[in-house]
Amino acid sequence: MPLLKAEGVTAGYGDMEILHEVDLEVEAGEIVSLIGPNGAGKSTLMKTIFGLLHPKSGSITYRDKPIHGRKPHEIVTLGLCYVPQVANVFVTLTVEENLDMGAYLLDEREIPPRRERVYELFPRLRERRRQRAGKMSGGERQMVAMGSALMLEPDLLLLDEPSAGLSPKLVDEIFDNIRRINAAGLAVLMVEQNARKSLQMANRGYVLANGENRYDGTGQELLADPDVARLYLGG
Amino acid sequence: MSQLIFLKGLMLGIALACILPILLPPGSRWRVPGGIVLGLAAGLGIAASVPSGYLSYFIGFMTMASLYAILSLGLNTQWGYTGHLNFGVAGFFAVGAFTSALFTIEAPTGLAAQYTQVLFGLEMPFLVGVLAAAVVSALVAFVVAVPVLRLRLDFLAIATIGVAEIIRLIFQNERWLANGPQPLRGIPQPGRCLFESRHCEWLPESLAWLIEPLGTRDYTAFYLMVVAAFLALIYVVLERTCRSPWGRMLRAVRDEESSAAMNGKNVTFARVQAFVVGAVVMGIAGALYAHYTVAIDYSHFHALFGTFLVWIMLMLGGSGNHRGAILGAILVWGVWAGTAFLANALEPLLALIHEDLPGRAQYIRWLLVSLLLAAVVLFRPQGLLPEEMRVSNHLRGDGR
Amino acid sequence: MAVSETRKPGEGLPADERRRGERLRAFIRTRGFLVGTFVVILIAMYVAGLIAGASAQRLLALTAWGLMLGGIIALGSIGLSLVYGVLKFPNFSHGALVTLGAYVAYTVVPLLPQGEALRPLSFGYEFLVALVVAMPVVGAVAVAIDRLVYRRLRNTGAHLVLFAMASLAMAFFVRSMIYLIWGPDFHFYYPGRANPALYLPFGMRVRADQLFILVLAFVLVAAVYVLLEWTRMGKAMRATADNPHLAQIRGINTERVISWTWMLGGGLAAAGGIMYGLSSQLRPEMGFWLLLPMFAATIMGGIGNPYGALSAALIIGIAHQVSTSFLDPTYGPAVAFVLMVLTLLIRPQGLLGRTEG
């Protein structure tokens, strides 16, 4: 049974349709990479899964429970968390407060041990826990954003371009972190413009173009496919 | 039809002939001639068929509605066409009213000077007073605009409320300026002499018989004609300017401010100009109001009457549409006047609830108009007549 | 987040001159410059007072009264600031909520058994009970208005302008209800009861009630501080003010947060109104009179920042009172207005407003 299943999802903003009958599945514990050119609808698909947009048709189920049409604060209780591409931390709150907000739904007593686990994953956040997130560098903010999403200890993490705008060294660090998070048993669905790198790490991948499914397969298959390489991986 | 009724009907007819062509839907060749004929016929017909008590009520109603229509046009220039959130309409209204009053009244002397203090009383003709009101409103608006228009939309709203409040405080406190908290009385009315027993000097003796039957009570119909003429004139001028390149630039500035800036147009200056033009129109409305009521004081320029009602009129009529602004003014003034009857009718019912309530029935009118604005905002933010050329960004449902 | 540089004023000037201009502009935008401006204005006001013939003792007394007035303004503006920060629109009906609070307490006081006045204060226990009752009542009214009006606008994603307009409508709605229920006359909580002044050092004479108002303002600001910094709801309010979208993603029910914000804002408005009514009298227009000083304090302090609102309110209160030594007292709102416009021109984010985000 797939963890997350999207079938025939059509969605967009207002009258503008961006996704046309897109299908996607994520199994428990795997990394799935979503790639494709700009404007292919990758971020729109993420937002639709997370209830920020409501699909016009099609269904989205999580653990066989339909989640389309639900609000984000309801979806988050089911065990999937989302890290948006931009504005993904509360800039006026401290690092620790940001993490606490990630666990807003939980009982207060459950927060400190979980915070500890996030600090173990990202030791730099512990050093800076009293600092306001707005004063941190891009890479650190990305850690705060992922850390707050992990506070609920979800089964599936949706990452929207986690490496956007970061230096190559930081990109490697972020990918390392994703691998470590995944090793702990979390499924990850990520949108990446660093397509080659993300496919190398991913169990499976989907190629989206013009709001439609184009290719899918294991990471290795997609990397080996000459069409995918020529069209979407930059040769 | 007696000569008196004919004359009254003619004056009312001319007033309606000024207003009706504006309200008829544009595009038709017959809009202007049809409106004029219809207006004249309606004026004569109403004067002939309606008892004089109701007739003078109707004339008073139309005068206030037309005054508010002018205010509403001024606000439309600022908000509908340029996107300035001016919550201080009452301030410019007051400046216009007091300016015109000071330019036209006779400075009190002797014993009267102890009761009425004014900065000056120039005894100028009515039109000079109106012109002065326009100029002074423009100056005040310019002084306000330069620091304030750079602000964010919400700050502008707060700041303009403050400006209106300060203007009101000045007219309330400064006795030397315009008789402080006491009413400023004796504001002359244009053409009043025609209606008083000694006829105007400029009127040839041979024509005096024409207006012989008119008495002072009939003056209101003449003044309605004056206000309606101003309304029509201001409408035509604003309609022309808003369709000119200048008006198109204003809308461009409002909707996509940055791109207009990149086109090299002087955005700030255009915004200031629009604010000043709107304030000038409001100032003229103030002047016309002062000469209508003859006596004014600071309490006339309360935020409810000077600002709130005008906003309801524009919102209901349709921001960015001059016809809508005028239609909204007439409708809302109708509602406001109608609620007075409603409040009266409710008095016995209110007396059953509590003995103090009938005396407070007038506040039911406030209640109803505030609900009207809330309803417009919630259910029809674009107003009755939507913007003619382009829907304002601020009123679209998804505007963010 | 990088500051966008779409326009570069002074393009074409020699480089060093331009740099000097930019440095000057940057200096003007600092917190220090804003504080300096306020200090200079206050000093100028004292000098103007002395020139107008007020004694030093009188100016000192005016300063003390200014602090008390600042306390009243602060109570009102903290709520206004919170609502502005979380909901992002200027609530023009806040003044009406202030008035409503005063009148609700006015209705509650006679319903309670009348105790002795808590000397040297002018009121008894029943007044404190009325305060505690009126705060949640007004808070509930604010929540109800939100449900009926503002929530609908939120659901359609309406522009700020429509929120402002709706709040103007609600201001007149609440005010007309007050007129209908309580009438246009003046009222006192305790008509005819004296509240003799206390004699403090330097010949200052301050009524005990005024000290109570100032203390209450500080206590409530401290309570708001504790709430915002240490409680979950408080943190959720800050998070929602910061980034409502992300707050939803993190599982925060922002509608609930907004309701609590209105509850808090309405409650504090009520406290402000009751204290204002205690220090002078109850009038249906009292809240409108406070509206301008409250907005001034909110903007001067930095929108959404309650401590900023408190400090700005105290500055406004002092400036207001000291200005009466050389200006007609009814010009008080104008003094607040001038300080507000200066803030907007110098440093729009206010005294304690944050620069990033």
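This is a predicted model: local features need pLDDT of at least 70, side-chain atom pairs count only at pLDDT 80 or more; totals for chains, interfaces and linings use all residues.

Student: Fine. How many residues of chain C and chain B does their contact take?
Tutor: It takes 36 residues from chain C and 39 residues from chain B.

Student: Which elements of chain C supply at least two residues each on that side?
Tutor: Four helices of chain C do: α5 (125-155), α6 (160-182), α11 (286-301) and α13 (332-346). The largest share of the side of chain C that touches chain B comes from α6(C), with 15 residues.

Student: And by class?
Tutor: The side of chain C that touches chain B divides into 27 nonpolar, 7 polar and 2 charged residues.

Student: What does Tyr179(C) touch, leaving out residues up to four places away in sequence?
Tutor: Two residues of chain B, Arg360(B) and Tyr363(B), plus Pro184(C) and Pro284(C). Pro284(C) is 105 residues apart from Tyr179(C) in sequence. In space the two are 6.4 Å apart, C-alpha to C-alpha.

Student: Why does Tyr179(C) count as partly exposed?
Tutor: Because Tyr179(C) has 19 other C-beta atoms within 10 Å. Buried would take 20 or more.

Student: Switching to chain A. How many of its residues are in contact with chain C?
Tutor: 22 residues of chain A, against 18 residues of chain C. On the chain A side, α2 (72-75) and α3 (95-102) give two or more residues each. α3(A) gives the most, with 4 residues.

Student: Where are the domains in chain A?
Tutor: Domain 1 covers 1-79 + 156-162 + 185-235, and domain 2 covers 81-153. Their centres are separated by 24 Å, taken over C-alpha atoms. The contact between them takes 11 residues from domain 1 of chain A and 9 residues from domain 2 of chain A.

Student: What supplies the domain 1 side?
Tutor: α1 (42-49) and β7 (156-160) of chain A each supply at least two residues of the side that touches domain 2. β7(A) gives the most, with 4 residues. By class, that side of domain 1 of chain A has 7 nonpolar, 2 polar and 2 charged residues.

Student: Now the sheet. What's the strand order?
Tutor: β2-β1-β4-β5 in chain A, an open sheet of 4 strands with antiparallel pairing.

Student: Which strands stand at the edges?
Tutor: β2 (16-26) and β5 (65-66) of chain A. Each has a single partner strand, so one side of each is left without a neighbour in the sheet.

Student: How many bridges join β1 and β2 of chain A?
Tutor: 7 bridges, with strand β1 (residues 4-13) running antiparallel to β2(A). Lys5(A) has Glu25(A) as its bridge partner in β2(A). Val9(A) stands opposite Val22(A) in β2(A).

Student: What holds strands like that together, in general?
Tutor: Strands of a sheet pair through backbone hydrogen bonds.

Student: Last one. Which residue in the hairpin of β1(A) and β2(A) takes a positive phi?
Tutor: Gly14(A), with phi near 55°. The hairpin has 2 residues between the strands.

How values were computed:
Residues are numbered from 1 along each chain as its sequence is written. Chains are lettered from A and ligands numbered from 1 in the order in which they are written. Two residues are in contact if their C-beta atoms, placed from the backbone, lie within 7 Å. Domain bounds come from an automatic or database domain assignment. Ala, Val, Leu, Ile, Met, Phe, Trp, Tyr, Cys and Pro count as nonpolar, Asp, Glu, Lys and Arg as charged, and the others, Gly among them, as polar. A residue is buried if 20 or more other C-beta atoms lie within 10 Å of its own, exposed if 12 or fewer, and partly exposed in between; C-beta atoms are placed from the backbone. Two strands pair if DSSP finds at least two bridges between them.
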